[in-house]
Amino acid sequence: MIGAQTLDEFIIRRQTDFPYATGELSRLLRNIALAAKIVNREVNKAGLVDVLGTTGYTNVQGEEVKKLDILANKTFVASLELGGQCCGVASEENDEFIAFDSPSSLEGRYIVAIDPLDGSSNIDVNVSVGTIFSIYRRISSLGEPCTAQDFLQKGSEQAGSGYVIYGSSTMLVYTTGHGVNGFTLDPSIGEFCLSHSDLTIPKTGKTYSVNTGNFYNFPEGVQNYIHYCKSFGKDTGSPYSARYIGSMVADIHRNLITGGIYIYPPLEDYPQGKLRLVYECNPMSFIVEQAGGMATDGYRRILDIEPEELHQRTPIFVGSSEMVTKAEEFLKDGKK
Ligand code: FBP
């Protein structure tokens, strides 16, 4: 698209949103975009090079680690360390947070929590996957190594968050608390270009995204809400549609544009749900809220949850505000 605004230009122009901007957040976002381009290149040619399949390791979550999980993790961590604005990273693939110790990193004002490759189960079958990132201002002292407390801040304290979706096209979508904007990677110039400005999620939609394969493992209220979705519009001939890609980024991205709800509820074997608060639910909830939607654990606003552990999990109901409100009603009394 002739004259499309590149991500770099957009970031610099938007710096005026922050009267005391030092440019550090801008440079940090650009380092994330650079790492995304490198991961995109590897994802695109995954079938041709030895990056499909598993490593034989299991991560702190007890999940098999895919080769692309490791590649993406190394790429983002390296880009964030090199930049100098980030003093530490927490990742789904690392048991502990990493405190960078180079002189410039110790002066870095930000920390990043990241899910380097979301939707791992879809990597080998060429279905959209993503990267999710969450940015906070550090609360530890400048010049010192960052601490665990830097990573256990409430989601409402995020300075920014976003995701990259590696799909039919590659997009980077982010917020710094002033709305949500999406950029599509133009491979011919190697630039993310503004393609979706001021994204807003419709108040309601016709799509529900949940792994109904776990239906009998869901709380009664969730089962009732899914019955409601299945029977919705039966008489009017415009029923809801069930869509579940199995990559949170891809499911939420679709719902952000068309309206809808994504649910990962508590399960008997995952009483706190499967998804991680710090680097999956908080960043995606910040994006959806900034786009006018809602994100709760069924009872509380996700962004108000006080994290206690780096890899803690939480149930999540996120998407169009009227659909999340309806789901909460079913949870609260489960009888409707
Ligand atoms: P990963 O970050 O390890 O991929 O896990 C998260 C995730 O893959 C989400 O993207 C997806 O929505 C969900 O888990 C799928 O889980 P399930 O297969 O249990 O429905």
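**The pocket and its ligand**

A: Three strands, β2 (64-66), β5 and β13, each give at least two residues to the lining of the largest pocket. Strands here are DSSP E runs of at least two residues, helices are H or I runs of at least four, and both are numbered from the N terminus. β5 has the largest share of this lining, with three residues. This is a predicted model, where local features need pLDDT of at least 70 and side-chain atom pairs need 80 or more, while totals for chains, interfaces and linings use all residues. Residues are numbered from 1 along each chain as its sequence is written, and side-chain values use heavy atoms, without hydrogens or water.

The largest pocket holds about 440 Å³ of space. Its lining has 25 residues, and E63, G119, S120, S121 and K274 are the closest to its centre. (A pocket is an open set of points on a 1 Å grid over the protein atoms alone, where a 1.4 Å probe fits and protein lies on both sides within 12 Å along at least five of seven lines; lining residues have an atom within 4 Å of a point. Points are joined across faces, edges and corners, and the volume is the space filled by probe spheres set on them.) By class, the lining has eleven charged, seven polar and seven nonpolar residues. (Asp, Glu, Lys and Arg count as charged; Ala, Val, Leu, Ile, Met, Phe, Trp, Tyr, Cys and Pro as nonpolar; the others, Gly among them, as polar.)

Now the ligand. The space it takes is the largest pocket. (To sit there, more than half of its atoms must lie within 2 Å of the grid points.) Around the ligand stand 17 residues, and D118, G119, Y244, M248 and Y264 come nearest. (Near means that a heavy atom lies within 4 Å.) This shell has seven charged, five polar and five nonpolar residues. β5 (110-118) and β13 (261-264) each supply at least two of the shell residues.

Next come the polar contacts (pairs of N or O atoms within 3.5 Å). A polar backbone atom of M248 is 2.7 Å from an oxygen atom of the ligand. In R276, a side-chain N or O atom lies 3.3 Å from a ligand oxygen. For E63, a polar side-chain atom is 3.4 Å from an oxygen atom of the ligand. On its own, the ligand has 470 Å² of accessible area, and the protein covers 88% of that. (Accessible areas come from the Shrake-Rupley method with a 1.4 Å probe.)

Key:
A polar contact is a pair of N or O atoms within 3.5 Å; within protein, one must be able to donate a hydrogen and the other to accept it, and residues adjacent in sequence count only if both atoms are side-chain atoms.
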